[in-house]
Amino acid sequence: TLNRVGGGATMTVQVATPAFHLTNLIGTTTDPYTSPSFPVVGTLNVGANKLAGTYTANLSVPYNDGVGANTTTLTVTAVVIGPITIANTQALHFGTAVRGTVAGTIVLTPAGVRSSTGGVTLMTGAPLATPASFTVTGNANSTFAITLPASAPLTSGANSLNASAFTSTPSLTGSLSAGGTQSLAVGGTLNVAANQAEGDYAGTFNVTVAYN
């Protein structure tokens, strides 16, 4: 049983303790008074919603040195941290634009700067364009990887268009604060076909975070 430093929880660890026997070393190049190293391996059982913390215990390991049975004591340590989570606080909205007779795009950066290419003309009225916003929560001062989708479909009735080239701030890797949080902003590119059908287009996309 491992006890959490500071108290509050315990954890069980099962460790295999292989027998060790030292023989026929005198007269060889191996020091007869020093045993070769051997591994001690085991399984750590972590319960659901286990309290975060550093768990430690002393483990007695029996061995035989060729003269008799002995026991050595090892220190076992395990660190448990809470899961990393991400929560959406603002939707990604590309705003309103006028279609053209040639294809174009609407590009929205994580900072909320919007531009267009090709036959698309941007409108400045409501609804306003906004990047997606997320709050990442996890173990204090930990870094994490950010995975964005390659593309995401948007539909309006039977009509569709596609968002792609998603970007984020921070990009690729984030770092949680001493309080265990960080804000994440995501933008992307909306691909508008020539003579795209009018409508309010909507869809969803996934953003994944994982500890490094």
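Me: Which strand gives the most to the lining of the largest pocket?
Reply: This is a predicted model, so to speak of local features needs pLDDT of at least 70, side-chain atom pairs count only at pLDDT 80 or more, and totals for chains, interfaces and linings use all residues. At least two lining residues come from each of β6 (85-90), β7 (97-98), β11 (132-137), β13 (151-156), β14 (159-169) and β16 (181-192); strands (E, at least two residues) and helices (H or I, at least four) are DSSP runs numbered from the N terminus. With three residues, the one that gives the most is β14.

Me: What volume does the largest pocket have?
Reply: On a 1 Å grid over the protein atoms alone, a cavity is a set of points where a 1.4 Å probe fits but cannot get out, and a pocket is an open set with protein on both sides within 12 Å along at least five of seven lines. Points are joined across faces, edges and corners, and a volume is the space filled by probe spheres set on them. For the largest pocket, that volume is about 760 Å³.

Me: And which residues that line the largest pocket are the closest to its centre?
Reply: Lining residues have an atom within 4 Å of a point, and the largest pocket has 33 of them. The closest to its centre are Phe94, Gly95, Leu154, Leu190 and Tyr201.

Me: How many residues of each class does that lining have?
Reply: Ala, Val, Leu, Ile, Met, Phe, Trp, Tyr, Cys and Pro count as nonpolar, Asp, Glu, Lys and Arg as charged, and the others, Gly among them, as polar. By these classes, the lining of the largest pocket has 21 nonpolar, nine polar and three charged residues.

Me: How many helices and strands does the protein chain have?
Reply: Residues are numbered from 1 along each chain as its sequence is written, and side-chain values use heavy atoms, with hydrogens and water left out. Of contacts (heavy atoms within 4.5 Å) between residues at least 6 apart in sequence, 66% join residues at least 24 apart. The chain's elements come to zero helices and 17 strands.

Me: What is Leu184 in contact with, leaving aside its neighbours within four places in sequence?
Reply: Leu184 lies in strand β16 and is buried at a relative accessible area of 2%, where buried means under 20%, exposed over 50% and partly exposed in between (1.4 Å probe, protein chains only). Ser133 is 51 residues away from Leu184 in sequence, yet 5.8 Å away in space, C-alpha to C-alpha. The contacts of Leu184 are Ile86, Ala132, Ser133, Phe134, Val136, Ile146, Ser168, Thr169, Pro170 and Val207.

Me: Which residues form an aromatic pair that is stacked?
Reply: Rings of Phe, Tyr and Trp (its six-membered ring) pair if their centres lie within 6.5 Å; planes under 30 degrees apart count as stacked, over 60 as edge-to-face and the rest as tilted. By this rule the count is one pair. The rings are 4.9 Å apart, centre to centre, with 25° between the planes, and they belong to Phe166 and Phe205.

Me: How many residues apart in sequence are the parts that this pair ties together?
Reply: Phe166 is buried, with a relative accessible area of 11%, whereas Phe205 is partly exposed at 23%. Phe166 sits in β14 and Phe205 in the loop between β16 and β17 (208-211), so the pair ties together parts whose separation in sequence is 39 residues.

Me: Staying with β14, is Ser164 buried or exposed?
Reply: Ser164 lies in strand β14. Not counting residues up to four places away in sequence, Ser164 touches Ala150, Ser151, Gly188, Thr189 and Asn191. At a relative accessible area of 16%, Ser164 is buried.

Me: What is the phi of Ala165?
Reply: Most residues other than glycine have a negative phi. Ala165 lies in strand β14 and is partly exposed, with 48% relative accessibility. Its phi has a positive value, near 50°.

Me: Where does Asn49 lie?
Reply: Asn49 has a positive phi too, near 55°. Asn49 is exposed, with a relative accessible area of 79%. Its place is the loop between β3 (42-45) and β4.

Me: Where does Pro170 lie?
Reply: Most peptide bonds are trans. The bond from Thr169 to Pro170 is cis, with omega near 0°. Pro170 is in the loop between β14 and β15 (173-175).
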